[in-house]
Amino acid sequence: MEQIASALGDAARWRIVELLAGRPRSVGELAELTGLRQPQTTKHLQTLVRAGLATVHPLGQRRVYAIEAAPLEAFGRRLTSLVEAANAHQGDLDVLARYRAAIEEESAAADRGGDRWADGRTFVFDRRLDADRGLVWRHWTEPDLLASWWAPPSLTVTDCALEPKPGGRAVLDYRDAEGSYHSAGQVYTAQEPERLVFDLAVRDAADAVMFTGRYDLTLTDSEGGSGGGAEGGTRLRLGLALTGTAVEAAAFIAGIETGWGQVLDRLEEVLGATPRADR
């Protein structure tokens with residue numbers, strides 16, 4: 001496919017392919033129709049032949065070239081699959097557009113308000129999960145299970161912990177292609193499998209606190225989870241309050257709603273992949 005794409009990437013060769021799609025043509029005719037010299041035309045045709053897009057037929061003193069439809073069909077199918085994949089992920093572009101607009105809005109607010117500009121801001125996230133409270137609690141408090149979902153899709157968790165005891169360690173470290181990110185705090189309340197209260201301070205590369213979030217997680221029994229089960233469901237409610245916000249935190253705060261939405265989607269997916277008997 002790469003060779004075909006490279007061959008078709010030249011405007012002159014693309015024009016030659018268009019002409020050959022109509023009917024087989026000689027080198028001289030192609031040179032006349034494209035305005036190229038014959039040596040140039042021959043080199044372009046040789047490239048198309050090597051890519052499998054054309055064949056040459058010596059007819060006495062003349063060399064006639066014909067199009068090969070099968071490679072074009074395969075290339076067309078590949079392009080179609082790419083278009084379908086792009087359309088299927090159109091929602092990602094919408095997320096990026098919303099995130100960019102949110103960053104602009106939060107940056108303007110930070111410029112007006114200075115440090116601590118977002119202190120006191122709160123968020124609430126609600127989900128109904130098709131798993132019992134014990135399993136959901138384990139996915140919040142066991143490091144391996146926590147790491148399986150506690151970061152948006154583009155990020156990789158490198159360290160995480162929510163030790164379910166007062167004074168327990170609270171850590172979320174992750175990385176992407178652009179760098180590493182570190183958050184640390186402590187657990188204040190741990191009532192298995194009902195409530196977990198903890199904070200996380202998001203730090204920059206110089207280890208300065210950009211903002212701190214106080215999280216209040218409550219798990220209650222639900223008549224049915226997100227999958228519509230009749231029993232074993234859990235209602236998750238996560239409250240978040242911000243303190244100590246620095247101006248530089250605007251991009252992070254702009255992504256809180258989108259980020260936690262993606263993270264909780266991953267939690268649902270991970271729980272959904274658990275065998276029903278274990279849920």
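User: Hi! Where is D207 in this one?

Analyst: Hello! D207 is found in the loop between β8 and β9. Keep in mind that we're looking at a predicted model.

User: Thanks. What is phi for D207?

Analyst: Phi of D207 is near 70°, a positive value in a residue other than glycine.

User: And is D207 buried, exposed or partly exposed?

Analyst: D207 counts as partly exposed, because its relative accessibility is 45%.

User: What about R116, what's phi there?

Analyst: Phi of R116 is near 70° too, again a positive value in a residue other than glycine. R116 sits in the loop between α6 and β4, and at 53% relative accessibility it counts as exposed.

User: While we're on backbone geometry, which peptide bond is cis around P193?

Analyst: That would be the bond from E192 to P193, with omega near -10°. P193 belongs to the loop between β7 and β8.

User: Which residues of α2 are buried?

Analyst: The buried ones in α2 are R13, I16, V17, L19 and L20. They are on the same side of α2, because they cover an arc of only 165° around the axis.

User: Why would residues spaced like that point the same way?

Analyst: An α-helix has 3.6 residues a turn, so residues three or four places apart point the same way.

User: Then which residues are exposed on the other side of α2?

Analyst: On that other side, A11, A21 and G22 are exposed.

User: What caps the N-terminal end of α2?

Analyst: D10 does the capping, with a side-chain oxygen 2.9 Å from the backbone nitrogen of A12.

User: Nice. Now P71, which helix is that in?

Analyst: P71 is in helix α5, residues 69-88. It counts as buried, with 17% relative accessibility.

User: What does P71 touch, leaving aside neighbours within four places in sequence?

Analyst: P71 is in contact with I4, G52 and L53. As for G52, its C-alpha is separated from that of P71 by 6.7 Å, and the two residues are 19 apart along the chain.

User: Next up, T234. Is it buried or exposed?

Analyst: T234 is buried, with a relative accessible area of 0%. You'll find T234 in strand β10, which covers residues 233-243.

User: What does the side chain of T234 reach?

Analyst: The T234 side chain reaches the backbone oxygen of A131 at 2.6 Å.

User: Last topic: what volume does the largest pocket have?

Analyst: Its volume is about 850 Å³. Of the 30 residues that line the largest pocket, P152, L155, Y174, G255 and G259 are the closest to its centre.

User: Which elements give two or more residues to the lining of the largest pocket?

Analyst: These are the helices α6, α9 and α10 along with the strands β6, β7, β8 and β9.

User: And which gives the most to that lining?

Analyst: That's α10, which gives six residues to the lining of the largest pocket.

Technical notes: Residues numbered from 1 in each chain as written. Predicted model: local features only at pLDDT ≥ 70, side-chain atom pairs only at ≥ 80, totals over all residues. Heavy atoms only, no water. Buried < 20%, exposed > 50% of the residue type's maximum accessible area, 1.4 Å probe, protein only. Helix = DSSP H or I, 4+ residues; strand = E, 2+ residues; numbered from the N terminus. Arc of directions from axis to C-beta. Polar contact = N/O pair within 3.5 Å; in protein donor to acceptor, adjacent residues only side chain to side chain. 1 Å grid on protein atoms, 1.4 Å probe; cavity = no way out; pocket = protein on both sides within 12 Å on 5 of 7 lines; lining within 4 Å. Points joined across faces, edges and corners; volume = space filled by probe spheres on them. Contact = heavy atoms within 4.5 Å.
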